[in-house]
Amino acid sequence: MLISHRSRLLRLYRIAAKHRLDSYLAEIPELAVIARLIRMHPASIGQTPKPLAIKFALEEMGTLFLKLGQLLSTRSDLLPAHIIDELSLLQDKVSPFDVQTAIAQIQDPRTGLGKPIDELFARFDVVPMAAASVAQVHTAALHDGREVVVKVVRPDIFEGIVADFEFLRELAAWVSARMEAARAVHLVDIVEDYRQIMLGELDLSIEASNSTKMRQNFLGSRLIYVPEVYLSSKSVMVSERIFGMPISQTKTFDELGYDRAELAKKGLTIFFTQVFRDNFFHADMHPGNIFVETLPDGGAVANPRYIGLDCAIIGQLSKEDQLIVARLLLSVMNGNYGMLVEIIAAAGWIPPSADKHALIQDMARTVSPMVLKPIDQIDFAGVLFEILNIARRHRMSIPPQLMLLLKTLVHVEGLGRELYPELDIWSLAKPILTAWVKDQLDPVKNLHDIKGKLPEILLSTTDLPKQLTQSIQSLTLLGATQDSILREIQSMRADALNQRRHDWIAGFGVLLMLSLAWWSASFIHFALAPLFLLLAGLVVVWRILA
């Protein structure tokens, strides 16, 4: 199946060899075999490992690999510090593209803003402020004096992403056909969902809409500030310029006197608020997208807020999935693994024949360390992989829409570990989740919700006669269809009975001919025996061809 993408595989192999990625992978025991394969490629001969080799290799491999590097850049618990340092450069220090190309994109009437650069801005800074995997950012000023940032999508990025996702989809199908764990998490569906998300990330008008909605969700909040969007198109977005430091700059926070524990609590509160109150959560929370507020000169701000950038990838859950996730987390926090398994069963994630007692034991053994240990002693990624193993053993099916939330949790955990390792994630999250679940199950609130929807419900009753007529027509059609199917079954049954009767007659005829052949050869005349054998053969041929 992967033969059609052989050239892409060989190109990735050559890039890895050219940049001598084997020298990095050899440091990770689980990847030592891959390191040896890379070292065997002719492109590695005579090459020595160079500074920033990982950064340049992932840039050359394409946008998807840059995104993978961004995700891994938050996992200081999984990778050595010098590798993390290189991966961190992928957050906003990717190689920029030519400024004239950026200006052409801004002025493009089809996908850009469709006006000359001088008409749009009083000042446009040609040196990019930052360059990331999908776009780069230039600072500028509007004619009314407002300082802004101009985000421009990288040229010719669409075709590369589409091609890479074709490759990933076939790879996911190949893996799913051979690994039950991949089937349990619907790996093919996850790739397709992420494909849609990534293609949406290339459309900055979608990001502008997401940013505006998230800004409205947190207007006046002391937790997070989302910059205002002034102009947008498919490939360009102009928004308010803000001043802050990436969340990874922990040493700077110490110098500014910021309380890292308080920042970590705010960050976790923002996450749970987005997931449960708003059902609209930032799903690309690498350090390049999450800043902490400072003064324009880099000075300290009293009670600093977070600054939310790059709202291209947004996650949402159905109300049912929200409630399931909240109840699952509360069951974990309360150590009630029996309830955890009952919720999973009620959601239809395990087959009726599953051994619930064994599943309870597996969950208690795997998940309980997450509650009993501080965040700096928990290997979230390891726990997640173990849960996937449990899913495979018990034929559990994890819905694809929850995998984006799990990915975001890995990001959040990595950021929290870096910012304040002693953070007690569970004691902070428990009251937030408990209050939300009680609110959702509050009968008074539900009654108010019904009252609010009453006009819509009453209006919908005007369609009842039409719907009733359609239902009767559907039942009539269904009855006619069932009668037709019943007649067809009866006809098939009659044909089968006739077939069986003919088979009995043919069998009896063959047996009779064989008996006569034997009797003729033994008692009458030997020459008649072949005739009876021929007749028996003709009967057999007749039944075969009938």
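This is a predicted model: local features need pLDDT of at least 70, side-chain atom pairs count only at pLDDT 80 or more; totals for chains, interfaces and linings use all residues.
View 1. In soluble globular proteins, nonpolar side chains tend to be buried together.

**View 2. Helices α14 and α20 packed together.** Helix α14 spans residues 260-278, and helix α20 spans residues 425-441. Their axes lie 10 Å apart, at an angle of about 30 degrees. Angles under 35 degrees count as roughly parallel, so α14 and α20 are roughly parallel to each other. The crossing of α14 past α20 is right-handed. From α14, the residues that meet α20 are Lys265, Leu268, Thr269, Phe272, Phe276 and Arg277. Their partners in α20 are Ile425, Leu428, Ala429, Ile432, Leu433 and Trp436.

**View 3. Helix α4 and the glycine after it.** Helix α4 covers residues 53-61 and is mostly covered, with 7 of its 9 residues buried. The buried residues are Ala53, Ile54, Lys55, Ala57, Leu58, Glu59 and Met61. Glycine 62 follows α4 and has a positive phi, near 125 degrees.

**View 4. The whole protein.** The protein has 24 helices and 12 strands. Of its 546 residues, 44% are buried. Its accessible surface is about 28,800 Å², and carbon and sulfur atoms account for 63% of that. Among contacts with a separation of 6 or more, 69% join residues 24 or more positions apart.

Technical notes. Residues are numbered from 1 along each chain as its sequence is written. Side-chain values use heavy atoms; hydrogens and water are left out. Helices (H or I, at least four residues) and strands (E, at least two) are DSSP runs, numbered from the N terminus. Buried means under 20% relative accessible area, exposed over 50%, partly exposed in between (1.4 Å probe, protein chains only). Contact means heavy atoms within 4.5 Å. Accessible areas come from the Shrake-Rupley method with a 1.4 Å probe; for residues, only the protein chains shown count as cover. Axes are lines fitted to C-alpha atoms, for helices over the stretch in contact, and angles run from 0 to 180 degrees between N-to-C directions. Angles under 35 degrees count as roughly parallel, over 145 as roughly antiparallel, 65 to 115 as roughly perpendicular and the rest as oblique. A crossing is left-handed if the near helix is turned anticlockwise from the far one by less than a right angle, and right-handed if clockwise.
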